[in-house]
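Dear colleague,

I am handing over the structure below, together with a short account of what was found in it.

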Amino acid sequence: MESFDLVIIGGGPGGYPCAIRASQLGMSVAVIDDRELLGGTCLNIGCIPSKALLQATERLELARNLAAFGVLAENVRPDLPGVMRHKTKVVTELGNGVAYLLRKNKVTRLQGRGRLLARDRVEVSAADRTFEVRARKAIVVATGSEAATLPHLPIDEQQIVTSTGALSLAAVPRHLAVIGGGYVGLELGSVWRRLGSEVTVIEVLDRIASGVDAEMATALHKVLEAEGFKFCLAHKVVGSRIEADEVVLDVEPMGDGARGSIKADVVLVSIGRRPATGGLDLETVGIEPDGRGYITVDEDFRTTAEGIYAIGDVIGGAMLAHKAEEEGIGL
């Protein structure tokens, strides 16, 4: 059994800075992560690929409107495979950069899924083998978050997708329905609207971007509406079914009113995120997440299990990369 001073489960923006800092302070460190590229949700299926798609489609939109500046650009059209290649290139280069930083700082990378066996042991399930590692001093749980879903909308990442599937659709949907009017749904809706989709946003509140200043959210609503977005506010999705290769969503108003339906080629479920603690076997070491699945920690990020710490999305608060990074470095 390999042994390290510190074992970190999760190689995202909380885990890998924590590993680098610990190594710089003289500890032997291992990072366990099952993705091919380190960087977590943010780099692989979050901020980085979504911004790469936004940048690419923004250039497309600008090219379509160059005539207003006296520039004639003929036959401007999207090349979806090319857009996806651009996204993959950006993600791969940054992921390789993270791997380089770990190598440079003598951090051991273990690819596989981590599971707690004891307060000083972690099982790693890799593609070709299962093995154990020992943590002589501490274990850090930094497994991040995953997309929240709805029970009556079975995710297949093809027709009914989370943000993960929406980043890699094989074809431009004729009609994309976005459930949730937060920034993730609006960003990805913008990407596919620019590529040619009709976009309808369904939101339970009476406004979009609930986490943003109300005046800014109103201005954003007007801009998106002018660009072709359709909004179904103060409505909730209560059911779904497949009819003739389309997803039919049953929607009803939050107040009085009749139930209706919306048909779409692809439905993006974008209702927030939840802590990714499934499969960690937290109960093995006596850690009991709260009712929403978050791990409770003290001011020093200690869990209720001696020698085990948690940082980032799994402990709640703002689910932001820079928050996780600060917690990882400060731990």
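In what follows, two residues are said to be in contact when they have heavy atoms within 4.5 Å of each other. Please also bear in mind that this is a predicted model.

A second core, separate and made up of 28 residues, has L80, L169, V201 and F231 among its members.

V133 also stands out in the largest nonpolar core, which has 44 residues, and in which I8 and V133 touch the most other members. Two or more residues of this core come from each of β1 (2-9), α1, β2 (29-33), α4, β5 (121-125), β6 (130-141) and β17 (308-310), and the element that gives the most is β6, with seven residues.

Two of these contributors, the helices α1 and α4, are also worth looking at as a pair. The axes of α1 (residues 15-24) and α4 (residues 80-104) come within 9 Å and cross at roughly 20 degrees; because angles under 35 degrees count as roughly parallel, α1 and α4 are therefore described as roughly parallel to each other. Their crossing is left-handed. Where the two helices meet, Y16, A19 and I20 are the residues from α1, and V98, L101 and L102 are those from α4; by class, this contact has six nonpolar residues, with no polar and no charged ones.

With best wishes

Note on methods: Residues are numbered from 1 along each chain as its sequence is written. This is a predicted model: local features need pLDDT of at least 70, side-chain atom pairs count only at pLDDT 80 or more; totals for chains, interfaces and linings use all residues. Side-chain values use heavy atoms; hydrogens and water are left out. Axes are lines fitted to C-alpha atoms, for helices over the stretch in contact, and angles run from 0 to 180 degrees between N-to-C directions. Helices (H or I, at least four residues) and strands (E, at least two) are DSSP runs, numbered from the N terminus. Angles under 35 degrees count as roughly parallel, over 145 as roughly antiparallel, 65 to 115 as roughly perpendicular and the rest as oblique. A crossing is left-handed if the near helix is turned anticlockwise from the far one by less than a right angle, and right-handed if clockwise. Ala, Val, Leu, Ile, Met, Phe, Trp, Tyr, Cys and Pro count as nonpolar, Asp, Glu, Lys and Arg as charged, and the others, Gly among them, as polar. A nonpolar core is a set of buried Ala, Val, Leu, Ile, Met, Phe, Trp, Tyr and Cys residues joined through side-chain atoms within 4.5 Å. Buried means under 20% relative accessible area, exposed over 50%, partly exposed in between (1.4 Å probe, protein chains only).
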